[in-house]
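Welcome! Take a moment to look over the chain below, and then we will walk through a few of its features together.

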Amino acid sequence: MAIATNLGFPRIGPRRELKRALEDYWSGKLDEKTLLETGRAIRKNNWLLQKELGLHHIPSNDFSFYDHVLDTIAMVGAVPSRYGWSGGAVNLATYFAMARGVQEKGNAEKSSSDLPAMEMTKWFDTNYHYIVPEFERGQRFSLSSITPVDAFREAKALGISTRPVLLGPISFLLLGKTKEPNLQPLSLLDKLLPVYEELFLQLANA
């Protein structure tokens, strides 16, 4: 018997609902609660449609408000120090600051208080761009977002047992960069693996 599955489902929404919601949120026309509700509605529709079409292994955590590599940066707590993150859960403001930067309100010109976004580059040979992780000597990692667990439980509440999709730790490190000489991203693997282990335990419990 053939098993039907896919690698991930388009996150934009059938009528580009996510694009419109993000633009309204960034312009101040939409609050965070409504943006999050838009995301939940898209995920729900995606899962139910795939179930209706007969897929046996339906993915979860394939949705993102911006980029799946940025989601992993938030998940493992690899937030560059310039964004002022002090630990705990990575909130939406910090998430979008990494993606888009922060400009001083009311100032059309670039100032010293503005924060630049993280670098973007092409995903392998595609036209999809992703946020490039940044690593430094003494880099620390911690489980700072459990979005994969939340998504699994969200689908489970709809009666759908999904296959969580994750960017693996080695791929994550190799997609990143460091400005420090003699610091190879893969040398951070032993520090990163316990975060994935903690996440896997939470997924198993879910």
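## Charged pairs across the chain

Let's begin with Glu119 and Lys177, whose side chains join in a salt bridge with 2.6 Å from N to O. This pair ties together distant parts of the chain, 58 residues apart: Glu119 sits in the loop between H4 and strand E2 (120–122), and Lys177 in strand E6 (residues 177–178). Glu119 is partly exposed at 36% relative accessible area, and Lys177 is partly exposed too, at 25%. Keep in mind that this is a predicted model.

In general, side chains of opposite charge can pair when their charged atoms come close. The count here comes to five salt bridges.

## Two further bridges

Glu134 pairs with Arg82, their closest N and O atoms lying 2.8 Å apart. Is Glu134 buried or exposed? With 16% relative accessibility, Glu134 counts as buried, because the cut-off for buried is under 20%. Arg82 is partly exposed at 34%.

Glu180 and Arg137 form another salt bridge, at 3.2 Å from N to O. They lie 43 residues apart, with Glu180 in the loop between E6 and helix H7 (189–205) and Arg137 in the loop between E4 and helix H5 (147–156).

Helix H3 (residues 68–75) and helix H4 (residues 92–100) have axes that come within 11 Å and cross at roughly 130°, so H3 is oblique to H4. The crossing is right-handed.

Leu174 belongs to helix H6 (residues 169–174) and is exposed, at 55% relative accessible area.

Methods. Residues numbered from 1 in each chain as written. Predicted model: local features only at pLDDT ≥ 70, side-chain atom pairs only at ≥ 80, totals over all residues. Heavy atoms only, no water. Helix = DSSP H or I, 4+ residues; strand = E, 2+ residues; numbered from the N terminus. Buried < 20%, exposed > 50% of the residue type's maximum accessible area, 1.4 Å probe, protein only. Axes fitted to C-alpha atoms, helices over the stretch in contact; angles between N-to-C directions. Parallel < 35°, antiparallel > 145°, perpendicular 65-115°, else oblique. Left-handed = near helix turned anticlockwise from the far one by under 90°. Salt bridge = Lys/Arg side-chain N within 4 Å of Asp/Glu carboxyl O.
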